[in-house]
Amino acid sequence: MASPSATADVVAPRSSSSDNYLTHDKGVLSWIFTLDHKRIGVMYLCSVLFAFALGGFFALLVRTELLTPGKTIIDHDTYNQMFTLHGAIMVFLVIIPGIPAALGNIIMPLQLGAKDVAFPRMNLASYHLWIVGALFMLSSLAINAVDTGWTFYTPYSTTTSTAVVPAAFGAFILGFSSIFTGLNFIVTMHKMRPPGMTWFRLPLFCWALYSTALIQVLATPVIGITLLMMIIERTVHIGIFDPTLGGDPVLFQHFFWFYSHPAVYIMIVPAFGVIGEIIPVFSRKRIFGYKFIAISSLAIAFLGFLVWGHHMFVSGQSVLAGTIFSAITFLIAIPTAIKVFNWITTMYKGVIHLDTPMLYALAFLWVFTIGGLTGVFLAVMSVDVHLHDTYFVVAHFHYVMMGGAITAFMGGLHYWWPKFTGKMYPEKSGRIGATLVFIGLNVTFFPQFILGSRGMPRRYYNYLPEFQPLHVLSTLGAYTLGIGFLLTAFYLYRSLKNGKTAAANPWGGATLEWQCSSPPPYYNFHKAPVISAGPYDGYENLMYDEKIGGYIPRKSSTST
Amino acid sequence: MSESTSESATAPKTGGHGAHGLDHHAGPDDHAGGAHAHGDGPHLAHHFDTYQQQFDAGKLGIWLFLLTEVLFFSGLFCAYTVYRGMHPEVFVYAHYFLNTTMGAINTCVLLISSLTAAWAVRNAQLAQRKLLVLNIIITIACACTFMVVKFFEYEHKFHDGLLPGPAFHPTEQVWELESFKHKHPEAAEYAEKLTKAAEAKDHAKAAPAAVAAGAAVAPETGVFEKPTEEQLEPLLKAGVIGPTAEDPTRPSKPRNAHVFFGIYFFMTGLHGIHVLGGIGVFIWLLLRANKGQFGPKYFGPIDYAALYWHLVDLIWIYLFPLLYLIH
């Protein structure tokens, strides 16, 4: 009998306002030093959203500056600093921790049926390190903001007069924060699964986080030591990267991309996980090709380690090496396509509910497919020589990072918002917000594909007059995006006070987190749940209850 | 604060710190060390059901951590390989300055400490409290010995001007070193001769009157005789003469010789920081072991620390030949 497993929590359809993780302890210190994964996740979420606002502000400054060739509002040195901070903040402070450390921290142990992550203290340390890393990175802003681009390429990063060291040291610390999260998640998923939660009953979100955690653990130490070497090169001149001392600046690029290409998958694979949760629930249909989606995450994680050289086709890498890197890069399209096809097939003949999370998921499918396919263009060496360092690349990775990772993050935020806060966001505003973000995204970044293929180089302050119309269009899109996110921030914030009380299972999901009350009790599960069915089984055994605004088990079901 | 949070979390669920609640949870699944609970409940965290589960989680965690450590150091080993591949002479030149004896002593010290760390794990499992404390103390003592030897090594380097980057001003030429003379006496002699000849030439240039004298000196020193393999080879390998030498007119240090010391201090320094970290961990474990907190049911922390210590040892086992024993 495929029914959602019965636990004591199922029978409490309304959230118990008396005791949940938000009200269990009082006072600021009970938050700062909490060991509860949900509270740590909430703190991560708030911090990441704050960083997102900051990074978005820098993005708008950059786009505004690009309205006209030459100076619009800021001078060229400031412009370099702004796009560097935008990139560094969005990558290191927002997208990498966004889904795993914020959403995943709250949801993954719940989905697993565990009481907490394996190492709660390490989890807290991860958050504290994030704060320290963020402070270092932002201190660069206060001293003399770094202007190397988020990639810290040598020899410029070892010679520029700006405050590279605090920013790089910040990224170094953030790396440890990321490793702690990843290590914790791997051990949690190996050792904390309750009886009956077999590997192939794990929700796809957990599979995605597992693959991500593997990459975090295996790749991040390399960027750590690389940034450390770069800092020492800059301060002591040890000569490893400095060609005047016999060193090799391309070695830095190898080290950097050995981490940073897998890091691209640290950013996008969790997004796949979120989409894999949203699509079956809002199609009211079992996921199609569960095992393929699960294993393809691992395949992406594995292949992601073998392709870093495709960032260096024009860095003096041999043609043979380039060809091999190019070929392996093509391979990554296969597991990625498997995912997209399976999601679309899941929707086929489903009963599709166009609520905000689903709108974000559909937007994801659209923009991520464009972003992914343009990646194949760039993996072709002969094409890349032309497109390298142009706006085509900028458009490609924004379609993937912004269009993929951030869209999925927003989808997940709305999907789990009732679970996090116990409140519903206003659905209508949510749909307007999602639409604005989707339109803004495409208007911002699609023109950049055209700009790039016509030869507009990335990171340039000045440009030829014929590029101006497309730049103006792109900037208008950025403003639309800004309005969409402001609207979202506004209604989410208001819903904390005025929102409707959320039911335990407002969307009719079958994964375990919907069996706890909203917000979940402090202990997640009073008794380790016994899992007897897969995470996407039994939608037909749930029915919508108008009174509480959520799904409850059908009377005929075996659930008590 | 965090303690109180976790304790209050424990209370209603697992029966908190009472032996009864623990027995219930540690039940039949618990076979860590084969013994059952005797009231050491405080060491089972609230979110684990059994000691076995807690131990397994910790063990997987420490192995993953060691994996990140290996990858962390791998960047440095990679940089070492690339630089040595491009400039082998720098490494041959610089290794004469390192004190192999001190390096060897440190290797032995670390190996002994690895043995005592492993032994400590066994002591904890068998509840041999006194031996456990003793073995931890020996481990800490060895680690401290390592750092003291390292301190003297560093001090000699500082004293001899063997510093990374622009601070690199060696007070001695490589062929004047005992380690070089001992291995290649003929080459050392030859380098001396070449230096003298070059100095004489300088004199000749500076004071034209002495030209005749200079010309007279040269044949006497024998510089213009065809040098033998033994005389030439070590000097060429160390980049003291030939295309890599800083000064083409006489034996000198190879270009960018300071890079070796950058790598040396970076690698051994980072390793030293790990040793210091290990000392800290073992002192903490010593205090806990002294209170009798470890036993057959709960010995995880000793096990994890020992594993970490083995890795620190292992990294040194690679650093020692790569830095000290170059040929």
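Start in chain B by selecting helix H5 (residues 100-125) and helix H6 (residues 129-159), which pack at an angle of about 160° with their axes 8 Å apart. Because of that angle, H5(B) is roughly antiparallel to H6(B) (the term covers angles over 145 degrees, on a scale from 0 to 180 degrees between N-to-C directions, with axes fitted to C-alpha atoms over the stretch in contact). Helices here are DSSP runs of H or I with at least four residues, numbered from the N terminus. Colour the contact of H5(B) with H6(B) by class and you will find 17 nonpolar, seven polar and two charged residues (nonpolar: Ala, Val, Leu, Ile, Met, Phe, Trp, Tyr, Cys and Pro; charged: Asp, Glu, Lys and Arg; polar: the others, Gly among them).

This is a predicted model, where local features need pLDDT of at least 70 and side-chain atom pairs pLDDT 80 or more, while totals for chains, interfaces and linings use all residues. Residues are numbered from 1 along each chain as its sequence is written, and chains are lettered from A in the order in which they are written.

Next, bring up both chains: 39 residues of chain A are in contact with 34 residues of chain B (C-beta atoms, placed from the backbone, within 7 Å). On the chain A side, select H7(A), residues 204-236; this helix gives the largest share, ten residues. That side of chain A divides into 25 nonpolar, nine polar and five charged residues.

Finally, return to chain B and colour domain 1 (50-165 + 259-324) and domain 2 (175-252), whose bounds come from an automatic or database domain assignment. Their centres, taken over C-alpha atoms, are 43 Å apart. At the contact, look for six residues from domain 1 of chain B and eight from domain 2 of chain B.

Conventions
Helix = DSSP H or I, 4+ residues; strand = E, 2+ residues; numbered from the N terminus. Parallel < 35°, antiparallel > 145°, perpendicular 65-115°, else oblique. Contact = placed C-beta atoms within 7 Å.
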